[in-house]
Amino acid sequence: MGNLQISESAELEEAANGPPAKKRKLSKASDEVEAQVDTKENTNAKKRGKQLNVFESPAVITMESSKAEGHVIAVTGEDKSIRVFEVASNGSLKQVSQRAMPKRPCAVVITDDDSTIISADKFGDVYALPLLPEETSAEAPSAEEDSKTGSQTPEPAAGRFFKPAANEFTIHSVRNRKALENQKRQTNWPKEKTDPTFEHNLLLGHVSMLTDLLLTTRNGRKYIITADRDEHIRISRGMPQTHIIEGFCLGHTEFISRLCIPAGRDDILVSGGGEDELYIWDWLSGKLLSKAALRNHVDSAVRDASPEAGSKKPTVSGIYHAKASVQDSRDLIIVSCEAVPALFVYCLTAQKTLEHHQTVSLPGNALSVAINTVGGASQMLVVSVDCIHKPNFAKERRDQTVPCPSLVALSITDKGLSEVSPLLFAAVKDEGAVSEKELAKLPNLLYNIENFRKREGAPEEE
Amino acid sequence: MAGPANKRQKREEYKSTSRTDGTTELPKKKFYRQRAHANPFSDHQLTYPSSPDAMNWGPYYPAFVQQLPEDNAPTEPSETVDVSTTKDDSTLTTNQIRKLTQDVEVADIGCGFGGLLVALAPKLPNTLLLGMEIRMQVSEYVQERIKALRAQNPGTGLYQNAACLRANTMKFLPNFFKKDQLSKIFLCFPDPHFKARKHKARIVSTTLNSEYAYVVRPGGIVYTITDVEDLHNWMVQHFEAHPSFERVPEDEQEADECVQVMRTETEEGKKVERNKGPKYVALFRRKEDPPW
Ligand SMILES: C[S@@+](CC[C@H](N)C(=O)[O-])C[C@H]1O[C@@H](n2cnc3c(N)ncnc32)[C@H](O)[C@@H]1O
């Protein structure tokens, strides 16, 4: 059962970026879709055999596909790995590389030329690594190679092998002596042990957990935009000058979880996180243009689904852009929130404000959204729905005897979103029972953004 | 258990009885001691502005607040403003914030007990200096120290240009300063964090240097000093490797009046002096950004 989610998100991500095989698939009969899903499950988890079980192999936490549609990259959380899969013409996936990063990646993107993966991690660092590792990557890169490949925020070569040589004679304060004593108690040097041996260049870093990452181009210049749990949106120059910070978009008062630059409106950035509002920025100048209410729409969606549910702070899990046709002047911004059974559709106006257009209610909590856009026209939106937990709830299970579609397809027209058929995708068959213990882990996997929220009244250090 | 509670009680007692407004008596350090290390990665209960524009600097530099035409009778600033109670600016909107006549231009990062600030303030009377310290008690001590010094020198404007606030600079520097705002940053006797695992806690790193480059204007200087040779080498390597900085040559370094102050006036520097330890100094100039 748990596997459902993973395969779905795999499907969705690919549909979003539109490899031809998947595009065709969207309009195909549901039995074929099912076959595809099975193929992937088998590739994804060869060793699992028939008894599919999401928890035996690391769970995929985020995915991306290359522009040329030949590759899919997936991040598995438990082993901090970036995995690259080749997409075969029949849509099946074959893993061709697995690289364990120094810290768990939170967001990954592929550069426009498909050459490089950019990964933002839990400790705030952003790395660039080639889409596929060099054949001879078994050796550790030498210091010269490091500088040749142009670490974008150059680290001193000697820094890697830094060993403190302080001793009692070079230390003059109680404070430092204590630090040295601590150091002596430490027997090994984990940094060297865990340093990856494959090519990876540090581009930039925050001292905070990174939550989202965008690459964009404006006036012919490339930028990297990063968002963190401490309310910062940072604008850095693109490669190879990523050490230069051009500016910040500051004003959020809670964590930021998602960023979106609408295609064709690339001066605008929409951001959301743990706040009651969405923010709209002129990101290059760092100027806040407007805010759009989210909380009231979430509240009414929540009330519609379960009248007894109280008001809760929204936790934005996705911000997406769609446009019904190239001619249509309206840009739609579609927002999902954790443990909320609805999508919130806004129009991005010419005045650069977001106007709430519609709320689309769903049979279960929205998990992930994919939009199929061809030549600037968005045709279909597919959203995966949590069939295990009750609408509005992250932990409480729903009655499993009542059927619930795991995917809902919506068509995108100049009027907004309208439901096509919840049955376009048949629910993936449940293969093998998942134990209670494993099911209990699901909420953490599906709803982890809420954890970014800072706890009030965290203890003060003495 | 009685120990710490007792200590806290004494501390509160001292603060409420002896630290009255307008006191000229310098604060006693023993009531402001705090465990040596604060974790720069944890959330704490920090107060910080959501952006530099949202920062209400008035209470920190009351003598530099812009006078509005309707302010016919300006009051004695140092007596009316209590930094410790007006710190939270969250209730003020950006338009309610009284602007300063000039921006802060010098930051002492990890200022400790404020020796450098207090020594530099009279030497740079036309510049606003800010000490930033993560340990709450220590930052309060510096605030009290500056208040007492201002009260000791009424009418002179002395020490009006120095202030201290509690901040975790590793996370929130851009919340306080705009791009190119600072002309000088001091990093005096930073915590060495010897363990390799803890290197990310160092105040100088590859990625943090980009933030220093962001807030320091081209031509501005980052000053470093330490008694730990390894840390000195670490800082030199990381700043030299960073394309936004270049090392200031020694003759220029020694001609800089701030360098002498930095060597002798910080609390850590004095300890090293007493122990006849070495002091390693290095200065780095912020270069112009390359075209792109
Ligand atoms: C060894 S003391 C040096 C104090 C002072 N600069 C001197 O020379 O006397 C280092 C100081 O940096 C402070 N500190 C460490 N990390 C910090 C951070 N992230 N933000 C602000 N202060 C920090 C510590 O609390 C400590 O007071």
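**A strand and its surroundings**

Modeller: Start with strand β3 (residues 162–166) of chain B: five of its five residues are buried, so the strand is largely enclosed by the rest of the structure. Buried means under 20% relative accessible area, exposed means over 50%, and partly exposed lies in between (1.4 Å probe, protein chains only). Strands (E, at least two residues) and helices (H or I, at least four) are DSSP runs, numbered from the N terminus.

Some ground rules. The model is predicted: local features need pLDDT of at least 70 and side-chain atom pairs count only at pLDDT 80 or more, while totals for chains, interfaces and linings use all residues; side-chain values use heavy atoms, with hydrogens and water left out. Residues are numbered from 1 along each chain as its sequence is written, and chains are lettered from A and ligands numbered from 1 in the order in which they are written.

Back to β3(B). B:Ala162, B:Cys164 and B:Arg166 point one way. B:Ala163 and B:Leu165 point the other way. Which strand pairs with β3(B) in the parallel sense? Strand β2 (residues 128–133) of chain B does, over five bridges. Two strands pair if DSSP finds at least two bridges between them. In this pairing, B:Leu129 stands opposite B:Ala162.

Now the charges. B:Glu133 is buried, at 5% relative accessibility. B:Arg135 forms a salt bridge with B:Glu133, with the closest N and O atoms 3.6 Å apart. A salt bridge is a side-chain nitrogen of Lys or Arg within 4 Å of a carboxyl oxygen of Asp or Glu. B:Arg135 is buried too, with a relative accessible area of 10%. Elsewhere, salt bridges that share partners join A:Asp230, A:Glu231, A:Lys454 and B:Lys171 into one network.

The structure holds 37 salt bridges over all chains. One of them links B:Lys15 and B:Glu140, whose closest N and O atoms are 2.8 Å apart. B:Lys15 lies in helix α1 (residues 2–18) of chain B and B:Glu140 in helix α5 (residues 136–152) of chain B, so the pair ties together parts that are 125 residues apart in sequence. B:Lys15 is buried, with a relative accessible area of 14%. Another bridge joins B:Lys28 to B:Glu25 at 3.6 Å between the closest N and O atoms. B:Lys28 is partly exposed, with a relative accessible area of 39%. B:Glu25 is also partly exposed, at 39% relative accessibility.

Next, the backbone. Most residues other than glycine have a negative phi, and most peptide bonds are trans. A:Glu231, a member of the network above, has a positive phi near 70°. A:Glu231 sits in the loop between β10 and β11 of chain A and is buried, with a relative accessible area of 6%. A:Asn219 has a positive phi near 50°. Its place is the loop between β9 (210–218) and β10 (221–228) of chain A. Is A:Asn219 buried or exposed? At 68% relative accessibility, A:Asn219 counts as exposed.

A:Met239 and A:Pro240 are joined by a cis peptide bond, with omega about 10°. A:Pro240 lies in the loop between β11 (233–237) and β12 (245–249) of chain A. In chain B, helix α11 (residues 267–274) has the buried residues B:Glu267, B:Glu268, B:Gly269 and B:Val272. After α11(B) comes B:Lys276, with a positive phi near 50°.
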